[in-house]
Amino acid sequence: MSSISPSVAALRSQFGAAIERHLVSSAQTIVYVSRDRLHDVLAWLKDTPGQDFNYLTDVTAVDYRDPERPLEVVYQLRSLGRRADLRIKVALDKSAPLEVRTVYDLWRGADWLEREVFDMFGVSFTGHPDLRRILMWETYAEGYPLRKDFPLRGHFSRAEQTRQALAANPEAHYSLEELSMAEAYGELPQDMQERLARGERGFLK
Amino acid sequence: MTLRTVEMALATTGVDAAGHPARVPLGLSDENGAYREDLGAERMLVNLGPQHPATHGVLRLVLELEGETVKRCIPHIGYLHSGFEKLGEYRQYNQIIPLTDRTDYLSPMANNVGLALAVEALMGIELTERCKVLRVIACEMSRIISHLVWLGTTGIDLGAFTPFLWSFQERERIYNLQESWTGARLTTSLTRVGGLMADIPEGWEAGLREFTSSFPKTLEEVDTMFTRNAIWIGRTQGVGALTADEAINFSLSGPMLRASGVDYDVRKDRPYLDYETYDFDVPVGEYGDIYDRYRVRLEEMTQSNRILEQALDRLSRLKGAPINVSDPRVVLPPKSRAMSDMEAMIFHFKQVMEGIKPPAGEVYLGVENPKGELGYYIVSDGTSKPVRWRIRPPSFINLASLPTMCEGSLLSDVIAINASVDIVMGEVDR
């Protein structure tokens, strides 16, 4: 089961100490790369003949149960021509700001994938042109849901979560309904004005 | 004067500091960021969705229009976010399978198969022959029903109602088979690590045989209705086209990737479940437009039907063969043995109380789902619950190319392009 990808030797001779370590799990090769050279390594793997990892299968992150263990950002690469896969990882110490350079310039497919990692783990990808939350709404204030220090039911109480979710009201941004509501505000019944002023929407109790 | 859309308005909260509902800018700003009261003479923002029948779920698109031409398209997703990946970290592996039903709910059985395969790869489990054949049948049935939904709804989006009725009629036949096998039409939870939840019931093969023998006729009718239809061609050819390089750069997969001329199918290039022993072709498009995506999906249904027929032939030779591996780590011993044999009882107890424990390690396994490559990335620390369970969602990644395909096209083409991506929001938002 120790079928190490030949790309590891090539990476070591090209980047030396920037290749921190490698291991094989379930016959899949994983290479740990230092954060400073990550973008260079990925660009080299993408463009070098013989490597041709032209397809970015996935970008994700792993936060381990051991709080001391660094958070890892995972790049799953594939060479469509050679039918070969390689997994590149970069370990981020959680005591320092979680920052990695974006690979948006190499693969447009990284756009939403990096936004999701930012949304769920709080890793910022420097140089990403549009790094916003993607699955959670933009004013979401509870933190980063897939971190291990984020409880399954969230940081806030159920009531607080509901209140914030309704106050965020993401669909209302830009919507004509919201606009017309604002213009007609003075004509609304007193109790509805009060409810709106408290930021309530819908059937909140 | 150059105009710029007020994108930042997306972040405004509904209420201002005084507690009054804030007026949300719907219009344009000048270079200095000053907000213009009028809606903008040259450009207009249109909000499409999240509750719009043609967005195929709760997808919201904010479109900046100049006349009828789309200048910018900003998708907003997350309305159906359920936190499946977080939930999975608190569940044992077999308990995760019901979560996979609910991601791509138009092909639940194929999702179940993908997850079970990933855990089995992590544990190094070799499946029984009958299980592999039944899983292939599950995957190909899913591909057919998913593509039929796509065909029907896309037809409706472009104004053709009849093929919708045909495709949903055919789909119903598969759903009936699915229901008699698993007991559920949607929440199938078909697989278990090391095998299946249940074998097919008596006489089930005959039902599927009947389907595979008559289904090609429906496909022919659809072909007659669409393939050389002037309206269909006019609405789809050259619309939303992506080149092969763009498709690769956007990490597209499945029919979206192949329609652009990239010959990559996980079943052929990374075979699982012995797909390499089945005789089938992978259709590849040329122009990468909606028409090619339609051709690819239509042909894939024909090929799935071929695979189903071959799998049924194999199944008839494997009558009475076991569907589960005889591995006491993952499959419960028969109840009669657990009540009489000490060792079997211990295995039963350990599995029920502790769950399946894959060794520490990690695996990425991709399967060719109807929407594209569905990947499961599982990190295990040797306990019965995964450290991380990541879904590589093909719909999500394919949808990310939507703004590029829409920009410069007409508003009415946005509907066609969005339909051609074949998204299911349960998977996009997870």
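Entry 1: I looked up B:Thr383 and found 14 C-beta neighbours inside 10 Å, so B:Thr383 counts as partly exposed. The cut-offs: a residue is buried with 20 or more other C-beta atoms within 10 Å of its own, exposed with 12 or fewer, and partly exposed in between, with C-beta atoms placed from the backbone. This is a predicted model, where local features need pLDDT of at least 70 and side-chain atom pairs count only at pLDDT 80 or more, while totals for chains, interfaces and linings use all residues. Residues are numbered from 1 along each chain as its sequence is written, and chains are lettered from A and ligands numbered from 1 in the order in which they are written.

B:Thr383 sits in the loop between strand 9 (372-380) and strand 10 (388-392) of chain B. Helices (H or I, at least four residues) and strands (E, at least two) are DSSP runs, numbered from the N terminus. I also checked B:Asp199, 184 residues away from B:Thr383 along the chain: their C-alpha atoms are separated by 29 Å.

Entry 2: Strand 9 and strand 10 of chain B pair in the antiparallel sense over 5 bridges. Two strands pair if DSSP finds at least two bridges between them. B:Tyr377 stands opposite B:Arg390 of strand 10 of chain B.

Is strand 10 of chain B buried or exposed? I found 5 of its 5 residues buried, so strand 10 of chain B is largely enclosed by the rest of the structure. B:Arg388, B:Arg390 and B:Arg392 are buried on one side, B:Trp389 and B:Ile391 on the other.

**Entry 3: two helices.** In chain B, helix 4 (residues 129-157) and helix 5 (residues 162-182) pack at about 155 degrees, with axes 8 Å apart. Axes are lines fitted to C-alpha atoms, for helices over the stretch in contact, and angles run from 0 to 180 degrees between N-to-C directions. Helix 4 and helix 5 of chain B are therefore roughly antiparallel to each other (over 145 degrees). The residues of their contact divide into 12 nonpolar, 4 polar and 2 charged. Ala, Val, Leu, Ile, Met, Phe, Trp, Tyr, Cys and Pro count as nonpolar, Asp, Glu, Lys and Arg as charged, and the others, Gly among them, as polar.

**Entry 4: another sheet.** I found 3 strands of chain B in an open sheet, in the order 3-4-5, with antiparallel pairing. Strand 3 (44-48) and strand 5 (69-76) of chain B are the edge strands. The twist averages 20 degrees from one strand to the next.

Note on methods: Parallel < 35°, antiparallel > 145°, perpendicular 65-115°, else oblique.
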